[in-house]
Amino acid sequence: MSTLNVQSDRGTLDHDEIDREFSEKKALYENTALGISLRGQHIYFAEVEKGESGFYTRKFGVIPTTMKFGSGIEGVEKNISDLYSYINGGIEDNSIQAKRFNLSINTQLTTIHKTYVEANSTEDEFESFVKWEIGKQILDEVDQFIVNTANLRSLSDESKLDPVLIVGIRRRFVETLSQVLEKVKINLAGIDVDILCSHAVYEMNYDRYPGGMTALVELKPGATTILLCDDYEVEHVYQFTTTSKSSPQKIASLLNRHLDNAMEVYNQSSRKNLTLGRVILCNEFAASALPFVEARFNPSAINPFAKIQIPPPFASQESSAEEGDSENEPKEKDPPPDYSPFAECVGAAIKILTA
Amino acid sequence: MIKINLLHNQLSTPVARESAAKKDEPTGQTFRSAARKGGARVMKLTILFISIIGGGIFLVMERYTVVNWVEQYTGPLNILPPVEEAPSPEMVEEQRREKIRQLYMANTIRQQTRDIQFLNHVNTVRLSNPAIFVSEFTLDGNDYAIDFYGRTEKEVIDFTNAYLNSKTIDETRPEKIERDSRIAGFRFKRSLTGTLRLTTGAETDSISTVYIPLDKAKKKVKLLALSDALQADDTGKSKESKGVIMGKHGVQCKITGQMENFIKFATTLSKLSLNIEMTRYEITFALRDPRQRDIKKMKPDAILFDYNVLIPTTVSDSAATDGK
């Protein structure tokens, strides 16, 4: 008859090792996150680690799929039933160590709206106001939507109205995605919106611009969203629609007109007279539409890795491209790599690490 | 950095923002889910809707009860059509019994009509042969008997032939002519017995009978007789039988008066369709003086008249009897 010798078992365990492993895992869980963005027919992912010196991108990449994201398939389970297997495959192939991930979805699937709320309103008043306000933006019942609000910078300390950003998404999308992504090996910690993830990247990678306001433009076919930011604060939300087959050039030409209009609307509503200092393009057509955006807007495609470190192979490639400028011999100049498609997934990871 | 998480409803009030700004912490504050509140509202509306529908169905189903209750306070409203309920087994049984009673009464009326016609015929034959004195005539159901006297045998034979030639009856059995001196002036007597034909007519015929109680029936007979110049008195003989469908109260009364008036009386009584079944007639004709022309001074005929008053037996009566 065998008996369990507890004392001897205890003696073989290395408690220091266990504690160390546990603390490592805890640190890994707390300081590492995976950001995923669904766009077009691709899954963009980035694993970001939060260190003492800032954020560091451990892994990032693209997973091609057969699905067309942003077209509403996110609300039908059978259409995205394979999504978890793509993500699991990406996690295994890239040795992702993060234990949680944040999903950034197409802004077109959400309603995003800025409004003002009485500063001293109670919770009930605020809730009823938000429901009423978003009820004007959607055609269905408010109960079918999940609504988030974020407080924006107030106009002044004495203002009786506080600006609030209201973001709503159809409940069906969230429930379907949650259901499918339950099978992913790591936890779904949150669902965010592309333009707000880009805003997080902008906040982390770009300095304040004294020359005027910054327009963060989510440029893609279907709907284009412009966030007018004063420094990092979102001051105005502007959207215009295009056809789903619009070319980058067409959308850029529309953007040229809408940027002026957006500034005019903002200045009229805020009774300010600010100018647009720069335009940062992000999302699908950021790079391809950049040549067609008028130079007076000081356009650029968003670079999520301007301040966030990236893995060495990519870093050396980027530095070699920069060093080419100092060479005396005429040499064919390599275009700088376009990392703008990764802005949303990097932003999603950053947002979960700063939550 | 704008922090949202669309996995849940997350609303940040301005108050939360102000307090959070000082702490430099995320301002998101999750509180009551709008969806839950919305769900609760939908639930309340659903319950209200179901209650209204259920109440409506209840009111429709119990409309007669509700209207009756309201009518206690408002008086008759007449807003609902009469109740058309499915007949109960008792009512079905009652209808079946009534149908049987009506068939029975229809047959009775046919038989009475036949009897009255036969009475009329006998009376006519009797009056058309003044040489013959018909002393008695009895009709009990289908059987009848006639006793008559003649001064000569030939007169008796002639009357018999005249009677038989009328072909009213189905079967007649003339008895032998006997010598009889009980009636002054008449030396020969003969009896005729026979059976009347069964009544013809559809068995499915029915007649709606006016049911009156026994006392009222007796009174009705007396009044009718009086109206036809007849005197009706109960002899006191009565018999009673109870059946499943109906009970019979047999009554015998003695009617005095002219035969012609009795025929009128019987005809009227039959046409009234009362629950009276005439069963037996025993008529003793008075020997009249041919010279007497004053009807009032003529000797009256005496008629023993038997009839049944039919009293329906209802289902409740049967149940009470069974209970006993």
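The following legends describe close-up views of a predicted model.

**View 1. Crossing of helix 6 and helix 10 in chain A.** The axes of helix 6 (residues 194-205) of chain A and helix 10 (residues 343-353) of chain A cross at roughly 75° and come within 7 Å. Helix 6 of chain A is therefore roughly perpendicular to helix 10 of chain A. On helix 6 of chain A, the contact is formed by D194(A), C197(A), S198(A), A200(A), V201(A) and M204(A). Helix 10 of chain A contributes A343(A), E344(A), V346(A), G347(A), A348(A), I350(A) and K351(A). Sorted by class, this contact of helix 6 with helix 10 of chain A comprises eight nonpolar, two polar and three charged residues.

**View 2. The side of chain A that touches chain B.** In this contact, 34 residues come from chain A and 22 residues from chain B. Helix 4 (123-135), strand 6 (145-151), strand 7 (161-170), helix 5 (171-181), strand 8 (187-193) and helix 6 of chain A each provide at least two residues of the chain A side. Strand 6 of chain A gives the most, with six residues. The chain A side divides into 17 nonpolar, eight polar and nine charged residues. The model as a whole has ipTM 0.82 and pTM 0.53.

**View 3. Confidence along chain B.** Chain B has a mean pLDDT of 80, with 82% of its residues at 70 or more. Within chain B, confidence is highest in strand 8 (residues 276-284), at 91, and lowest in helix 1 (residues 14-23), at a mean of 47. Over residues 17-34 of chain B, pLDDT stays under 50, and the model has 30 contacts beyond four places in sequence for these residues. Where pLDDT is low, predicted coordinates should not be read in detail.

How values were computed
Residues are numbered from 1 along each chain as its sequence is written. Chains are lettered from A and ligands numbered from 1 in the order in which they are written. This is a predicted model: local features need pLDDT of at least 70, side-chain atom pairs count only at pLDDT 80 or more; totals for chains, interfaces and linings use all residues. Axes are lines fitted to C-alpha atoms, for helices over the stretch in contact, and angles run from 0 to 180 degrees between N-to-C directions. Helices (H or I, at least four residues) and strands (E, at least two) are DSSP runs, numbered from the N terminus. Angles under 35 degrees count as roughly parallel, over 145 as roughly antiparallel, 65 to 115 as roughly perpendicular and the rest as oblique. Two residues are in contact if their C-beta atoms, placed from the backbone, lie within 7 Å. Ala, Val, Leu, Ile, Met, Phe, Trp, Tyr, Cys and Pro count as nonpolar, Asp, Glu, Lys and Arg as charged, and the others, Gly among them, as polar. pLDDT is the predictor's confidence in each residue, from 0 to 100.
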